[in-house]
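Thanks for making time this morning.

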Amino acid sequence: MIQYALKCSEGHSFDSWFQSASAFDKLAVAGMVTCAICGSAKVEKAIMTPRVRPARNAKVQTQVAPPESKEISVEPTAADVEKVLTELRRKVEENSDYVGKNFAKEARKMHLGESPDRPIYGEAKPEEAKALIEDGVPVAPLPFVPSRKTN
């Protein structure tokens with residue numbers, strides 16, 4: 001997994017996780033990387049500082065905030081990220097209808113007013129997702145693969 005700082009054409013900055021650098025490139029070319037704030041598909045990597053971990057045998061130095069500062073910044077660990085993704089998955093699955101491979105069809109029907117609006121999640125081919133985005137249907141990729149499958 002790799003985390004990128006991203007910026008859209010409207011100037012919004014946000015972070016997102018990807019399976020790999022090449023996965024980001026493929027999703028970006030397909031128009032599937034969208035701004036978390038405005039939904040724009042014109043997103044690029046922003047300048048970011050690299051995270052360098054010390055060697056396993058290196059002594060860890062603790063930084064202490066000055067007494068007047070009450071804010072402490074702690075980088076999330078892989079376990080923290082996994083916990084957040086697990087909680088996100090739980091909330092999505094509890095509060096949304098799984099529509100499986102019919103996601104693009106269902107999302108389009110809701111957008112056109114042919115079926116009632118409701119939270120849904122499912123699976124779509126990259127070209128289906130791109131077509132939805134181009135048609136103004138508000139969709140966003142989930143940072144996990146749905147655990148339920150249709151028969």
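Which residues in H3 are buried? Before I answer, please keep in mind that this is a predicted model, in which local features need a pLDDT of at least 70 and side-chain atom pairs count only at pLDDT 80 or more, while totals for chains, interfaces and linings use all residues. Residues are numbered from 1 along each chain as its sequence is written, and side-chain values use heavy atoms, with hydrogens and water left out.

Now to the helix: Phe-103, Ala-104, Glu-106, Ala-107 and Met-110 are the buried residues of H3, where buried means under 20% relative accessible area, exposed over 50%, and partly exposed in between, with a 1.4 Å probe and protein chains only. These residues sit on the same side of H3, because they cover an arc of only 165 degrees around the axis, the arc being that of the directions from the helix axis to the C-beta atoms. The buried residues pack against strand E4 (97-100), E5 and H4, and just after H3, Gly-113 takes a positive phi of about 80 degrees.

Stepping back to the whole protein chain, there are four helices and five strands, which are DSSP runs numbered from the N terminus, with helices (H or I) of at least four residues and strands (E) of at least two. The pattern along the sequence is β-β-α-β-α-β-α-β-α. As for pLDDT, the predictor's confidence in each residue from 0 to 100, the chain averages 81, and 79% of the residues score at least 70.

Leaving aside residues up to four places away in sequence, Met-1 touches Trp-17, Phe-18 and Gln-19, where a contact means heavy atoms within 4.5 Å.

Finally, the largest pocket: a pocket is an open set of points on a 1 Å grid over the protein atoms alone, where a 1.4 Å probe fits, with protein on both sides within 12 Å along at least five of seven lines, and lining residues have an atom within 4 Å of a point. The largest pocket is lined by 46 residues, and Ala-140, Pro-141, Leu-142, Pro-143 and Phe-144 lie nearest its centre. Among the elements that give two or more residues to this lining are helix H3 (103-111) and helix H4 (126-134), although E2 gives the most, with five residues.
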